[in-house]
Amino acid sequence: MSETKDLRRQLRELRSAMRVLGIRKISPFNGGLDRDTYQYNARRFELETRLKIAERREANEGAT
């Protein structure tokens, strides 16, 4: 499985868990968040960042 597909799958699973738990999508850089909200949104931010990097890498590999 390619890295982008795996990251997208992980993001889908994370968003699904957030919906079930009632955790809203918010920047993890905001202050005053409870522990679960911070952890889930920090993980979401990390996965989205890694996905963008992987997509750029795959695009560059395809262009050469």
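This is a predicted model: local features need pLDDT of at least 70, side-chain atom pairs count only at pLDDT 80 or more; totals for chains, interfaces and linings use all residues.
1. A search of the whole structure finds one aromatic pair, where rings of Phe, Tyr and Trp (its six-membered ring) pair if their centres lie within 6.5 Å, with planes under 30 degrees apart counted as stacked, over 60 as edge-to-face and the rest as tilted. The partners are F29 and F45, whose rings stand edge-to-face at 5.1 Å centre to centre, with 85° between the planes. The pair links distant parts of the chain, since F29 belongs to the loop between α1 (3-21) and α2 (35-63) while F45 belongs to helix α2, 16 residues apart.

2. Residues are numbered from 1 along each chain as its sequence is written, and side-chain values use heavy atoms, with hydrogens and water left out.

3. How exposed are the two members of the pair, F29 and F45? F29 has a relative accessible area of 62% and is exposed, while F45, with a relative accessible area of 38%, is partly exposed; buried here means under 20% relative accessible area, exposed over 50%, and partly exposed in between (1.4 Å probe, protein chains only).

4. The secondary structure of the chain comes to two helices and zero strands, where helices (H or I, at least four residues) and strands (E, at least two) are DSSP runs numbered from the N terminus. The chain is more spread out than a compact globule, because its radius of gyration is 14 Å, well over the 11 Å that the globule rule gives for 64 residues; the radius is taken over C-alpha atoms, and the rule is 2.2 Å times the number of residues to the power 0.38. Along the principal axes, the C-alpha atoms fill a box of roughly 45 × 25 × 10 Å.

5. Of the 64 residues, 25% count as buried. Among contacts with a separation of 6 or more, 46% are accounted for by residues 24 or more positions apart, contact meaning heavy atoms within 4.5 Å.

6. Y40 lies in helix α2 and is partly exposed, with a relative accessible area of 23%. Leaving aside neighbours within four places in sequence, Y40 is in contact with L14, A17, M18, L21 and I23. Y40 and L11, 29 residues apart in sequence, are 11 Å apart in space, C-alpha to C-alpha.

7. I23 lies in the loop between α1 and α2 and is buried, with a relative accessible area of 13%. With neighbours within four places in sequence left aside, the contacts of I23 are M18, D36, T37, Y40 and N41. The C-alpha atoms of I23 and D36, which are 13 residues apart along the chain, are separated by 7.9 Å.

8. R43, also a residue of helix α2, counts as partly exposed at 31% relative accessibility. Not counting residues up to four places away in sequence, R43 touches Q10, L14 and R50. Between the C-alpha atoms of R43 and R57, 14 residues apart along the chain, the separation is 21 Å.

9. The chain has 15 positive and 10 negative side chains, the centres of the two sets lying 4 Å apart; Lys and Arg count as positive and Asp and Glu as negative, with His and the chain ends not counted.

Key
The place of a charge is taken as NZ of Lys, CZ of Arg, CG of Asp or CD of Glu.
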